[in-house]
Amino acid sequence: AESSSRPSDRPKIGEALIQAARRAGDMLPVHGALIIDALLAVLRNAGPSSALDADLLDLQASALSILATVLACLGHSAGPGLVTVGAAVAQLIEPPLGRASDAVPVELRRAAAFLFAEVFGGLADRDVALTSLVSAADAASWRGALNRVQHADPDAAVRGHSQVALSFLR
């Protein structure tokens, strides 16, 4: 087995990715899509909580945290990545019709709502309007999903992160 596949090494790898994103400077927009695609591949394994083991769940939650940092570092250049990430993350906090909200483990719903709060807060700190990076339809879709989650999710942390994210969109 590769040493990088050990659960104890994953936080080190995640921290290295975060440091690389922060240090990349002007090169991050060139290579950021590769990092985003790799992290999104981790999320595609999401399924019913009974089918997920704790290690995969931790890895997916970490991927969401790293995605938040990468998007924040991208700032004005986050647009294309933000659209892709936003679509994937929105399905974690508000699953498609026919799937119950608890079909996605609470840890992933929390991390997904946190990602929106972090990214929207980071954009607000830089005076970057979300609609300058994504279409008004995407922004409205995310606002609607966050609003519904804020009022209906059974988990208080998911509702709280959604409320914070919404506060940056008003």
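## Overall make-up

How many helices and how many strands does the secondary structure of the protein come to? The count is 7 helices and 0 strands. The model described here is predicted. Read along the sequence, the pattern is α-α-α-α-α-α-α.

The protein has 170 residues, and buried residues make up 42% of them. Among contacts between residues at least 6 apart in sequence, 68% join residues at least 24 apart.

## The nonpolar core

The largest nonpolar core has 48 residues. Those with the most contacts inside this core are L64, L67, L82, F116, F120 and L130. Elements that give two or more residues to the core are α1 (10-24), α2, α3, α4, α5, α6 (136-152) and α7. Helix α5 gives the most, with 10 residues.

L67 is one of the residues with the most contacts inside the core. What does L67 contact, leaving aside its neighbours within four places in sequence? The partners are I36, L39, L40, L43, V85 and L115.

## Helices α2 and α3

Helix α2 covers residues 28-43, and helix α3 covers residues 54-74. Their axes come within 9 Å and cross at roughly 160°. Angles over 145 degrees count as roughly antiparallel, and α2 and α3 are therefore roughly antiparallel to each other. Their crossing is left-handed.

On the α2 side, the contact uses L28, P29, I35, I36, L39, L40, V42 and L43. On the α3 side, these meet L59, Q60, A63, L64, I66, L67, V70, L71, C73 and L74. By class, the residues of this contact divide into 17 nonpolar, 1 polar and no charged. L64 and L67, which take part in this contact, are also among the core residues with the most contacts.

## Helices α4 and α5

Helix α4 runs over residues 79-93, and helix α5 over residues 106-125. Their axes come within 8 Å and cross at roughly 145°. This crossing is left-handed.

Which residues of α4 and α5 meet? From α4 come L82, V85, G86, V89, A90, L92 and I93. From α5 come R109, A112, A113, L115, F116, V119 and L123. The contact of α4 with α5 has 12 nonpolar, 1 polar and 1 charged residues. L82 and F116 belong to this contact, and both are listed among the core residues with the most contacts. V85 and L115 belong to the contact as well, and both touch L67.

## S162, a residue in α7

S162 sits in helix α7, residues 156-169. Is S162 buried or exposed? Its relative accessible area is 0%. Buried means under 20%, so S162 is buried.

Not counting residues up to four places away in sequence, S162 touches A113, L146, V149 and Q150. Of these, A113 also takes part in the contact of α4 with α5.

## H76, a residue in a loop

H76 lies in the loop between α3 and α4. Its relative accessible area is 60%. Exposed means over 50%, so H76 is exposed.

Not counting residues up to four places away in sequence, H76 touches V128 and L133. How far apart in space are H76 and S132? They are 8.5 Å apart, C-alpha to C-alpha, and 56 residues apart in sequence.

Technical notes. Residues numbered from 1 in each chain as written. Predicted model: local features only at pLDDT ≥ 70, side-chain atom pairs only at ≥ 80, totals over all residues. Heavy atoms only, no water. Axes fitted to C-alpha atoms, helices over the stretch in contact; angles between N-to-C directions. Helix = DSSP H or I, 4+ residues; strand = E, 2+ residues; numbered from the N terminus. Parallel < 35°, antiparallel > 145°, perpendicular 65-115°, else oblique. Left-handed = near helix turned anticlockwise from the far one by under 90°. Contact = heavy atoms within 4.5 Å. Nonpolar A, V, L, I, M, F, W, Y, C, P; charged D, E, K, R; others polar. Buried < 20%, exposed > 50% of the residue type's maximum accessible area, 1.4 Å probe, protein only. Core = buried A, V, L, I, M, F, W, Y, C linked by side-chain atoms within 4.5 Å.
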